[in-house]
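The following exercises examine how parts of one chain pack together and how a ligand is surrounded. Each task is followed by a worked solution.

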Amino acid sequence: MNHIALYRKYRPKTFDEVIGQDHITKTLQNQIMNDQIGHAYLFTGTRGTGKTSVAKILARAVNCLSPVNGSACGECENCKRLEQENDINIIEIDAASNNKVDDIRQIREKVKFMPVGAKYKVYIIDEVHMLSDSAFNALLKTLEEPPPFIIFILATTEVHKLPQTILSRCVRFDFRLVSVEELSRHLAKIFDKEKIRYDADSLKIIASAGEGSVRDTLSIADSIASYCQGDITKEKTLQVLGSTDNELSLQFFDKMNEKDVGGVLSYIDEIEKQGKNMAVFAKDLSKHARNLLVCKSCKNAAEILNLPDDLLEKYRTQAEKFAEKDLIRYMQVFSGAESELRYTLSVRLLLETTCLNAMLGFDAKKN
Ligand SMILES: Nc1ncnc2c1ncn2[C@@H]1O[C@H](COP(=O)(O)OP(=O)(O)O)[C@@H](O)[C@H]1O
Ligand SMILES: [Mg+2]
Ligand SMILES: [Zn+2]
């Protein structure tokens, strides 16, 4: 049986199907409806947030003879032609493997030619930050005076690597990480279509594990759905993920904050019963302490952490309950324990002492 990965099967085809990027899709839809299309766009943001999908939707929409709500109609002759993969009017270039100046020169020679059976020729240059300096310069010349029937869409995960000269010639759109709520709703729709059963908790856990990337979320959902044979439960979900999710780390830190010895011990018991790797758990805790510290001490925490808004808010609230010096100690203690936990024979005992010492402010090494 051929299984198509969920993230391939559910690639959005219209602006309305794109989730979590309303600030971008609404603007582009308006541009199409008002015939105010730009000639150079720059799409930036983490992987799996919709850059390539939106680039393709835009490329089809600008060519459609009668767009519906700003997206391609799918019915007109242009739409029918562009639906075929490798249509000559939509040119996708992976800059990671075509980063030489000659590759860009070839583009420059070809942009002179009119589109065939379409209104625009659209060049989608993915991972554009990989271009060499001379390739950037060659691209710049084309961006300066593009023929009116050419549109460039540049996409990158690493916008800081682009020269200012390129940035200043493009209309820039920043793709956001998608919130756990939106990801959960999206997952629920897809599971319903696929006739996969699930519960609300599993949705949330899978959505958080994706850390704001739709593609990652769908890949994780894929592996969990096949492990659970179409009936997803919270227990199995946690087993597959192997590490505690953010929600669990939040709960654990609450217990430590309350100096709840019994709570901490029974929590570790629970982790053990679920068959989780204790070293991974310690690493999660150290990462969690670090995230709280960033929330507490950095003005641009949102940028550094790059987390969904709702999760960030929870971190912020929790960070207020801890002193900076305690968070620093937690980071040290848990990252130190991570490697020890990989080698010790009494894993559980070591984790318990580490947690309790850290919580009560003892320095394990000195006592
Ligand atoms: N904003 C989004 N809305 C809906 N699905 C998305 C979105 N972003 C990513 N996806 C899913 O992830 C897959 C890969 O997305 P893609 O557009 O290639 O991401 P990027 O180019 O940002 O890495 C898509 O096929 C789709 O299944
Ligand atoms: Mg992409
Ligand atoms: Zn059309």
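**Exercise 1.** Determine which residues bring H10 and H11 together, and describe how the two helices cross.

*Solution.* The structure is a predicted model. Begin with the residues. Ser 223, Ile 224 and Tyr 227 belong to H10, and they meet Lys 236, Thr 237 and Val 240 of H11. Sorted by class, the residues of this contact comprise 3 nonpolar, 2 polar and 1 charged.

Next, consider the geometry. H11 spans residues 234–241, and its axis lies 10 Å from that of H10, at an angle of about 120 degrees. Angles of 65 to 115 degrees count as roughly perpendicular and those over 145 as roughly antiparallel; H10 and H11 are therefore oblique to each other. Finally, the crossing of H10 past H11 is right-handed.

**Exercise 2.** Describe the packing of H9 against H10, and classify the residues of the contact.

*Solution.* First, take the axes. H9 covers residues 200–209, and its axis is 8 Å from the axis of H10, with an angle of about 130 degrees between the two. H9 is therefore oblique to H10. The handedness of the crossing is right-handed.

Second, list the contributors. The classes are 6 nonpolar, 1 polar and no charged.

**Exercise 3.** Carry out the corresponding analysis for H8 and H9.

*Solution.* H8 consists of residues 180–194 and packs on H9 at an angle of about 120 degrees, the axes being 8 Å apart. This angle makes H8 oblique to H9. H8 passes H9 in a right-handed crossing.

On the side of H8, the contact is formed by Val 180, Leu 183, Ser 184, Leu 187 and Ala 188; on the side of H9, it is formed by Leu 203, Lys 204, Ile 206, Ala 207 and Ser 208. These residues divide into 7 nonpolar, 2 polar and 1 charged.

**Exercise 4.** State how the chain is divided into domains, and describe the contact of domain 1 with domain 2.

*Solution.* The division gives domain 1 (6–174), domain 2 (180–241) and domain 3 (246–360). Over C-alpha atoms, the centres of domain 1 and domain 2 are 31 Å apart. In their contact, 10 residues of domain 1 touch 12 residues of domain 2. The side belonging to domain 1 has 4 nonpolar, 5 polar and 1 charged residues.

How values were computed: Residues are numbered from 1 along each chain as its sequence is written. Chains are lettered from A and ligands numbered from 1 in the order in which they are written. This is a predicted model: local features need pLDDT of at least 70, side-chain atom pairs count only at pLDDT 80 or more; totals for chains, interfaces and linings use all residues. Axes are lines fitted to C-alpha atoms, for helices over the stretch in contact, and angles run from 0 to 180 degrees between N-to-C directions. Helices (H or I, at least four residues) and strands (E, at least two) are DSSP runs, numbered from the N terminus. Angles under 35 degrees count as roughly parallel, over 145 as roughly antiparallel, 65 to 115 as roughly perpendicular and the rest as oblique. A crossing is left-handed if the near helix is turned anticlockwise from the far one by less than a right angle, and right-handed if clockwise. Ala, Val, Leu, Ile, Met, Phe, Trp, Tyr, Cys and Pro count as nonpolar, Asp, Glu, Lys and Arg as charged, and the others, Gly among them, as polar. Domain bounds come from an automatic or database domain assignment. Two residues are in contact if their C-beta atoms, placed from the backbone, lie within 7 Å.
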